[in-house]
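Hi,

Here is the structure I promised to pass on to you. Have a look at it first, and then read on for what turned up in it.

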Amino acid sequence: MGKLVVGATVVCTAAVVCGVTVLLMKHRVKNSGEWGKVEALLKDFEEKCATPVEKLKQVADAMTVEMQAGLASEGGSKLKMLISYVDNLPTGDEKGLFYALDLGGTNFRVMRVQLGGKEKRIVKHEVKEVSIPQNVMTGSSSEVLFDFIATALAEFVATEGDDFHLPPGRQRELGFTFSFPVKQLSIASGTLIKWTKGFSIEDVVGQDVVGELAKAMERAGLDVRVAALVNDTVGTLAGGRYNNPDVIAAVILGTGTNAAYVERAHAIPKWHGLLPKSGEMVINMEWGNFRSSHLPVTEYDQNLDIESLNPGEQIYEKIISGMYLGEILRRVLCRMAEEASLFGDYVPSKLKVPFVLRTPDMAAMHHDESADLKVVGNKLKDILEVPNSTLKMRKIVVELCDIITSRGARLSAAGIVGILKKLGRDTFKDGEKQRSVIAVDGALFEHYTKFRNCLKETMKELLGDAADSTVIELSNDGSGVGAALLAASHSQYTDLEES
Ligand code: ADP
Ligand code: MG
């Protein structure tokens, strides 16, 4: 098309009026052909991403089957169904000062909470968020990562005010939320199975993560005991249960995605320990690694996977979670620009940069309600350096956001229904209305309104009548508080409190 414009310009200088007409005509002919292609690519993508109810039911069933297989034996499924060693969720009686440390993905949080028992509940709660430098997430050594965490924690402990009370002579205690697949050896120890979500530090894999943290804390001159090592899903479940006794599962929808739920201990064939008094055990599903032939996977997803840090893994996560939604959008736009001149006769070079389009920006575009899609226009200009996007182009972008986000939200809903099925809570039981509350944490769910609404609507579609007794509840920062609560119930001083 570049050549065509130059040619037309020559005609223009020779006979201005006529030349302009030629240019416009050629432009229109060219445009209609390319828009046809854009629309064909859009339609094809939409079809491949489709998630009709029947398909979602198949996904839910496949989830239930995989859960069973993962509980039956080690390595029995793509779903690891990790035993958390949490067999007693918070009751509300927890008391004292506890710290929590949350290493999840994009951000890392430290917090302290003063727990006041049944009456006073959470007396005071302070959080500090630190972003993790890229060089600490990848390539560096475990020492660099854990020293970074321990230093941030030490700085935070140093700012502890008078509102927090640690009885004299006691050691501070911490719940460590570590949101990666860990094989737990006890409530406060476990080894890293693999990294996910953009982390990659070889020498931590297979290591005892609490041991690594303890060594780093010692190097930082910090005397804190790690009382509980928990996944963020398990922390969210604990935090959710503290607020609402009907919470039976927790789902994370943030950088990555995962879920945990309360299982009957006798229904875990691979559990070879003592049956807990409560009869229950929290299972960290590691559902991000779920895959099934029923998942609608497109060539864009396949390429994203091949070029990722963990090819072949976390397939469900890669079509649902915040780390990837914007990147899927970028890939589709890139192809539309290359093969169908979506943005005119050039391909914006920014479009070729992996992960340049982030999910929060995608959400902002998707939520744009202005008539001329001003927000979309500005994002295209600022991020992709497309200076003059037309309304038509902007509409295509919004449609793509909708396709990608609806697929992710609907598949998340199907996963939750899979858990409800496993627990026999997916159907309405006459006479007895069992309430099931799912605590959800993560910025994708919290801030991406269209994602959240779509997930909730899909639950209704899938559950019918039973939807009335199922509640999807935002549990804001539940995982941090949950980890502190679990540290409290596994405190070295618990026996002292009771006696
Ligand atoms: P983590 O999962 O790392 O513990 P968060 O729960 O804060 O942390 O999730 C962060 C992720 O949520 C980001 O990577 C981003 O993809 C997504 N996110 C953050 N803000 C928004 C937003 N406004 N709209 C959509 N997605 C968002
Ligand atoms: Mg998190």
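This is a predicted model: local features need pLDDT of at least 70, side-chain atom pairs count only at pLDDT 80 or more; totals for chains, interfaces and linings use all residues.

Helix α14 is largely enclosed by the rest of the structure, because 26 of its 32 residues are buried (buried means under 20% relative accessible area, exposed over 50%, and partly exposed in between, with a 1.4 Å probe and protein chains only). The helix covers residues 391–422 and reaches 47 Å from its first C-alpha to its last, close to the 46 Å expected at 1.5 Å a residue; that expected span is 1.5 Å times one less than the number of residues. Helices (H or I, at least four residues) and strands (E, at least two) are DSSP runs, numbered from the N terminus. Just after α14 comes Gly 424, with a positive phi of about 65°.

Residues are numbered from 1 along each chain as its sequence is written, chains are lettered from A and ligands numbered from 1 in the order in which they are written, and side-chain values use heavy atoms, leaving out hydrogens and water.

Now to the domains. The chain is divided into domain 1 (51–84 + 245–477) and domain 2 (86–230), with bounds that come from an automatic or database domain assignment. Their centres, taken over C-alpha atoms, are separated by 27 Å. Each side brings 23 residues to the contact, where contact means heavy atoms within 4.5 Å.

How much area do domain 1 and domain 2 bury between them? About 1600 Å², with 56% of it on carbon and sulfur atoms; this is the accessible area (1.4 Å probe) that the two parts lose on being put together, summed over both.

Between the two domains the count is 1 salt bridge (a side-chain nitrogen of Lys or Arg within 4 Å of a carboxyl oxygen of Asp or Glu). On the side of domain 1 that touches domain 2, β1 (82–83), β11 (280–284) and α11 (322–340) each supply at least two residues, and β11 gives the most, with 3 residues.

Finally, Val 123 sits in strand β4 (residues 122–131) and is partly exposed, at a relative accessible area of 46%. Val 38 lies 85 residues from Val 123 in sequence and 57 Å from it in space, C-alpha to C-alpha.

Best wishes
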